[in-house]
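How are the strands and helices of this model arranged? This report takes up the sheet and then the helix contacts.

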Amino acid sequence: MNKSMKILVVDDFSTMRRIIKNLLKDLGFSNIQEADDGNTALPMLQQGDFDFVVTDWNMPGMQGIDLLRAIRSDAKLKHLPVLMVTAEAKKEQIVAAAQAGVNGYVVKPFTAATLKEKLEKIFERLG
Amino acid sequence: MSIKANVPISLEEAKQLVTYLEQGDSASANALLEAASMKESIELFAEVGKLTRQLHDALNSFQLDERIVDLANDDIPDAQSRLTYVIEETEKAANTTMDAVEASMPIAEGLTEQIDTIMPEWKKLMTRQIELGEFKVLCNELDTFLSDASQKSNKLTSLLTEVLMAQGYQDLTGQVIRRVIDLVKEVEDSLVNMLTMFGEPGEIANTPKQSRKQTDKVEAEGPIIDADQRDDVVKGQDDVDDLLSSLGF
């Protein structure tokens, strides 16, 4: 895992962004930016050279699933790895996220170990 | 009603009445008075009729608004369990945090104690006043302390991570409370709507009926507060992982 990779954390709750940011820092990542919904995140992704996205699902404005779909349908962004960290726990939603091309799915409440494991798995697979 | 209409009889009718009375024609005078009061009654009857019809319409629309029934039967009890969930989650987070703090305190105190024990001999070493025997004791103490300290600081880090993770309750309960706020807003709108219906009947037709709850299966729902009673949701990360691996992940 390249520890200097640029990561975007998308969640409408600033407390959750802080938690994820802190966990990522514990894991050695320090190049982290934040957005509070898909509408804010998408232009940031299109302009910046992000390497990884961690996003919530349920947000006002553009929801996480729509952000994921927008990323996958953008020629420049479609290979960007996306980890969903969300309280959405319906099976249909998880299937929908998988179909939309999510790289990992973590349900809240989650543990630091789970986040670490999913991150490692994603990067292991991406090589 | 205009001011004119409030006057029971017109000037002409009054003059006519005086004439009848002067002539002693009481039958004609009575007839004239009756005709005048009849005009009033007809207006009154028309007004009562209109009000009756409006009341009838209002009652009908009130019964037809199923959303109010849904609110009372499903949404309000649902809001109650949501708020109970908020209490439980905040309690859990508070307890997790306090447990971690209570576990951290003795560790920090233990470290301070060990440092206090080592410090006098360490000072002697630094001022080159230590004896060989004391130096050997110091080395042993330092050795124990260093391995202890590294273990204890690892423990402290993991306790602090627990405190950090416990703060996730703010997001989870925030999402649930937002839904209750939306419901309160809807109940308020329904009540206002009801008052409007009974107050200004003309408004009824203009009031849009509340649409039924969205049934879109991938629509965001927020934290699941009754996962035990549902089979369309996962119970935790293990279920998510199983589901994804069944999809070839």
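This is a predicted model: local features need pLDDT of at least 70, side-chain atom pairs count only at pLDDT 80 or more; totals for chains, interfaces and linings use all residues.

Chain A holds an open sheet of five strands. Their order is S2-S1-S3-S4-S5, and the pairing is parallel. S2 and S5 (104-107) of chain A stand at the edges. Each has a single partner strand, so one side of each lacks a neighbour in the sheet. Neighbouring strands are turned against each other by 20° on average, direction ignored.

Strand S1(A) covers residues 7-10. It pairs with S2(A), residues 32-35, in the parallel sense over four bridges. There A:Ile7 stands opposite A:Ile32. S1(A) also pairs with S3(A), residues 52-55, again in the parallel sense and over four bridges. In that pairing A:Val9 faces A:Val54.

**Helices on the sheet**

Helix H1(A), residues 14-26, packs on the sheet. H1(A) touches S1, S2, S3 and S4 (82-86) of chain A. The direction of H1(A) makes about 165° with that of S2(A). Helix H5(A), residues 112-126, packs on the sheet as well. H5(A) touches S3, S4 and S5 of chain A, and its direction makes about 160° with that of S4(A).

**Two helix pairs**

Two packed helices are described by the angle between their axes and the distance between the axes. The table gives both values for each pair.

| Helix pair | Axes come within | Crossing angle |
|---|---|---|
| H2(A) and H3(A) | 10 Å | roughly 20° |
| H1(A) and H5(B) | 9 Å | roughly 155° |

H2(A) passes H3(A) in a right-handed crossing. From H2(A), A:Gly38, A:Ala41, A:Leu42 and A:Leu45 meet A:Leu67, A:Ala70 and A:Ile71 of H3(A). By class, this contact has six nonpolar residues, one polar and no charged.

The second pair joins chain A to chain B, where H5(B) runs over residues 132-166. The crossing angle makes H1(A) roughly antiparallel to H5(B). H1(A) passes H5(B) in a left-handed crossing. A:Ile19, A:Asn22, A:Leu23 and A:Asp26 of H1(A) meet B:Thr161, B:Leu164 and B:Met165 of H5(B). By class, this contact has four nonpolar, two polar and one charged residues.

Key:
Residues are numbered from 1 along each chain as its sequence is written. Chains are lettered from A and ligands numbered from 1 in the order in which they are written. Side-chain values use heavy atoms; hydrogens and water are left out. Axes are lines fitted to C-alpha atoms, for helices over the stretch in contact, and angles run from 0 to 180 degrees between N-to-C directions. Helices (H or I, at least four residues) and strands (E, at least two) are DSSP runs, numbered from the N terminus. A crossing is left-handed if the near helix is turned anticlockwise from the far one by less than a right angle, and right-handed if clockwise. Contact means heavy atoms within 4.5 Å. Ala, Val, Leu, Ile, Met, Phe, Trp, Tyr, Cys and Pro count as nonpolar, Asp, Glu, Lys and Arg as charged, and the others, Gly among them, as polar. Buried means under 20% relative accessible area, exposed over 50%, partly exposed in between (1.4 Å probe, protein chains only). Two strands pair if DSSP finds at least two bridges between them. Angles under 35 degrees count as roughly parallel, over 145 as roughly antiparallel, 65 to 115 as roughly perpendicular and the rest as oblique.
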